[in-house]
Amino acid sequence: MQTMGLGTARRYALGAQGFADPVPSGGVTRRHLQRVLARTKLLQLDSVNVAVRAHYMPVFSRLGAYPAELLDSASWQHSARQPRLLAEYWAHEASLIPVEDWALLRWRMRHRDSAWRTRSAELFERSPQLVDDVLAGVKELGPIGAGSLERELGGGRRQGSGTWWNRSDTKRACEYLFAAGELTTGTRRGFERLYDLPERVLPAHVLAHDPDEDEAVRTLVQRSAEALGVATEPDLRDYYRLSPEQSRRAVAELVDAGVLEPVAVQRWRHTAYRHTAARAPRKVTGRALLCPFDPLIWERSRAERLFDFHYRIEIYVPEPKRQYGYYVFPFLLDGELVGRVDLKADRAAGALRVPGAFLEPGSDAGRVAPELAMALREMADWLGLDDVAIGERGDLAGPLRAEVATG
């Protein structure tokens, strides 16, 4: 078994995620977006909007400033001239995935159909006609949001506030049908999902494709390996949230087929696997702010193994107990994670606020602060914010404030 140094493993990972690819010198086009998607395979969706919604940021981290409408149209609009590139489903978490990959998750749709029926037995018993009514309503009125559909149906009884932890019956029925693959996202209004029928959104050849579960899982693990470069079996499993049994079987089959090669990475306890088509760039340069849901770092133990970077999101930690802040972005510089910043887009004041800025052990503030200041200015410009306002928290706040003031 080949032994690989940690620096080499890191370069494999960064190359696989697109951080060695050239940043466009002119405007970002649909072709550039496709290149990013070919690397990351998916973009995680998340409702937090304190800085920027999660699915927009990984594209910015790899391409620089681009129009958000480019990703919106690729995800939620289609025409004969420009078919949509992405569809929504549960992949890592709620995710945007290439349209062609929707069929690779049909086995999950069948599993979730069964699980939702079990978990929502009381709903089916109490409102046995509701699911059929919702499906018929979307067929007639879609794309449509759950709230509008509920008003149109006239029979949905709202439970509590209708928020995500206490949804209306109609919303629950919509989410069941989405999980079962009988509804999909036609478009979004703001961040509200408007449901539609898959046959009105997805190409006929995608709807006709229904690989068996083992074949689909093998393909997903191969996708994971392409996106990660070199990874342990749990890393490969996590990318699409597969079960250990599914993942281990697929990894063994892909090793036998010569698609994956077992390797030993120095300081890693477990065997890793390198996709045989993966290449490690000789050098990774450049800077990038990474949102908490960037696929380079979303598996926290992998980020620690690759970069010696201990990272936990602290949204749900009471404020007095937070170490770094509410919504913290790691800072990637020349292939290393050298710092982190707590970020908030204050749209009313037109400022990108940085309540805290922190240097990683062993990093040089004199090198990091000017690069981070430029990265923050670039992000603020992209978001249409005039100012970058540095707060007081963290050992990097002072040097960063000085750089921003002179920039």
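Guide: In this predicted model, helix α4 (residues 68-76) lies across β2, β3 and β4, running at about 70° to β3.

Visitor: What makes β2 and β3 the edge strands?

Guide: The open sheet of three strands has the order β2-β4-β3, with antiparallel pairing, and β2 (43-44) and β3 (86-90) each pair on one side only. Between β3 and strand β4 (residues 94-98) the antiparallel pairing extends over five bridges, and Leu86 stands opposite Pro98 in β4.

Visitor: Why is the pair of Tyr89 and Phe178 called tilted?

Guide: Planes under 30 degrees apart would count as stacked and those over 60 as edge-to-face, whereas the planes of Tyr89 and Phe178 stand at 35°, with 5.7 Å centre to centre, so the pair is tilted. Because Tyr89 lies in strand β3 and Phe178 in helix α9 (residues 169-179), the pair ties together parts that are 89 residues apart in sequence.

Visitor: And why is the pair of Tyr239 and Tyr240 edge-to-face?

Guide: The ring centres of Tyr239 and Tyr240 are 5.8 Å apart and their planes meet at 65°; since an angle over 60 counts as edge-to-face, the pair receives that label.

Visitor: How do you know whether Tyr239 is buried or exposed?

Guide: Buried means under 20% relative accessible area, and Tyr239 has 1% relative accessibility, so Tyr239 counts as buried.

Visitor: Why are α11 and α13 described as roughly perpendicular?

Guide: The axes of helix α11 (residues 213-228) and helix α13 (residues 244-256) come within 9 Å and cross at roughly 75°; because angles from 65 to 115 count as roughly perpendicular, α11 and α13 fall in that class.

Definitions and conventions. Residues numbered from 1 in each chain as written. Predicted model: local features only at pLDDT ≥ 70, side-chain atom pairs only at ≥ 80, totals over all residues. Heavy atoms only, no water. Axes fitted to C-alpha atoms, helices over the stretch in contact; angles between N-to-C directions. Helix = DSSP H or I, 4+ residues; strand = E, 2+ residues; numbered from the N terminus. Parallel < 35°, antiparallel > 145°, perpendicular 65-115°, else oblique. Pairing = 2+ DSSP bridges. Contact = heavy atoms within 4.5 Å. Phe/Tyr/Trp six-rings, centres within 6.5 Å; stacked < 30°, edge-to-face > 60°. Buried < 20%, exposed > 50% of the residue type's maximum accessible area, 1.4 Å probe, protein only.
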